Amino acid sequence: MMVPAALLLLGALTAVMAPRLLARSDWAEREPVVALWVWQCVVAAVLLCCALSMTLSAAVAWQAVRGHVFAPAPHAVVAAYNPGTTGPWPAAIAVLLACGGVWTAAMLTREIARARARRRKRRAELLVRAPLLPGEEPGSDRLVVLEGERPDAWWLPGAAPRLVITTAALRRLKGRQLDAVLAHEQGHAQARHDWLLHCSAALANGFPQVPVFAAFRDEMHRLVELAADDVASRRFGRLTIALALVGLNEDRGVFGPCPAPEAHVPQRVHRLLAPPARLTAGRRLQLTAAAALVPVVPLLVTFVPGLHALG
């Protein structure tokens with residue numbers, strides 16, 4: 001029973017400490033793609049700890065499960081994990097964690113269903129506002145221009161993804177600024193950021209009392225925008241995308257004295273206008289290597305007793 005408990009403890013420590021450490025770091029804004037990957041590794045490590053703890057607890061509680069889990073393992077490994085008499089706790093923990101896994105799958109399924117429903121609704125509204133021309137097939141045009149008094153642009157994902165922009169945005173943005181906005185939205189589409197947002201929302205909505213999942217959702221919303229800004233700035237320059245963001249959002253009140261809490265546009269503009277902090281190649285390599293160690297930790301904790309037994 002020691003290994004499942006150690007895995008639960010490791011998962012809890014990761015869930016508590018990792019968001020705090022990431023919140024104190026200053027490299028995430030410089031390298032949003034790496035930060036996105038690190039956050040995914042943190043959440044994957046927490047979920048993996050729970051899954052492995054559930055599996056090993058079930059192996060402790062029920063002989064049939066133990067036979068399937070350790071069927072290909074040598075006798076020394078089985079002996080290393082031999083729990084002996086442990087009482088009803090392993091079965092209770094296994095059932096509780098299994099219910100959590102089922103609930104997670106249900107929340108993800110619900111989030112995907114809701115996202116598809118919202119997407120169908122927006123596509124129907126788009127078809128009403130921008131009807132097809134004679135001879136035009138649905139989904140044949142990846143760029144849709146809508147009549148609108150509010151400058152806006154967004155990417156509508158799906159089987160036939162489409163980039164939507166309003167006439168007000170076309171009037172306000174000129175030349176490279178318009179190209180930078182289009183590149184920003186294409187960056188979202190190419191990286192499939194919609195899936196990151198769906199998964200993070202499913203975890204946060206399914207487990208509202210778990211802070212790491214709420215932080216994961218909030219950071220995904222922020223970091224995907226920073227990553228898309230970098231895609232556009234690499235092609236058209238940081239000043240160009242910053243001016244485009246100001247042009248699109250200056251009428252929404254996000255630059256006022258009391259902007260909405262979820263409005264990250266001023267911080268994004270400040271980041272783009274600030275002198276870029278440069279990381280050396282060695283520093284980037286160290287950062288990536290440190291992030292890569294995150295999902296390895298629960299695996300090491302699980303298999304080290306078996307490795308000691310084999311030795």
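This report describes helices, strands and aromatic contacts in a predicted model.

## Basis of the description

Residues are numbered from 1 along each chain as its sequence is written, and side-chain values use heavy atoms, with hydrogens and water left out. Because the model is predicted, local features need pLDDT of at least 70 and side-chain atom pairs count only at pLDDT 80 or more, while totals for chains, interfaces and linings use all residues.

## Helix 5 and the annotated spans

Helices (H or I, at least four residues) and strands (E, at least two) are DSSP runs, numbered from the N terminus. Helix 5 contains 41 residues and reaches 59 Å from its first C-alpha to its last. That value is close to the 60 Å expected at 1.5 Å a residue, where the expected span is 1.5 Å times one less than the number of residues. Its buried residues (under 20% relative accessible area, against over 50% for exposed and in between for partly exposed; 1.4 Å probe, protein chains only) include Pro90, Leu97, Glu111, Arg119 and Leu126. Ala98 also lies in helix 5, which covers residues 89–129, and is partly exposed at 30% relative accessibility. Ala98 and Met54 are 44 residues apart in sequence, yet 6.7 Å apart in space, C-alpha to C-alpha.

An unreviewed UniProt entry lists residues 33–52, 89–113 and 287–310 as "transmembrane region"; such annotations may be inferred rather than shown by experiment, and positions follow the numbering used here, with feature names shortened. In the model, residues 33–52 are 100% helix and 0% strand, with end C-alpha atoms 28 Å apart. Residues 89–113 are likewise 100% helix and 0% strand, and their end C-alpha atoms lie 36 Å apart.

Strands pair if DSSP finds at least two bridges between them. Strand 3 (residues 162–166) pairs with strand 2 in the antiparallel sense over four bridges. Four bridges also join strand 3 to strand 1, and these two run parallel. Leu163 of strand 3 is the bridge partner of Trp155 and of Leu143.

In a regular strand the side chains alternate between the two faces of the sheet.

## Aromatic pairs

The whole structure holds two aromatic pairs, defined by ring centres within 6.5 Å for Phe, Tyr and Trp (its six-membered ring); planes under 30 degrees apart are stacked, over 60 edge-to-face and the rest tilted. Phe207 and Phe213 form a tilted pair, 5.8 Å centre to centre with 50° between the planes. Phe207 is partly exposed at 23% relative accessibility, whereas Phe213 is buried at 6%.
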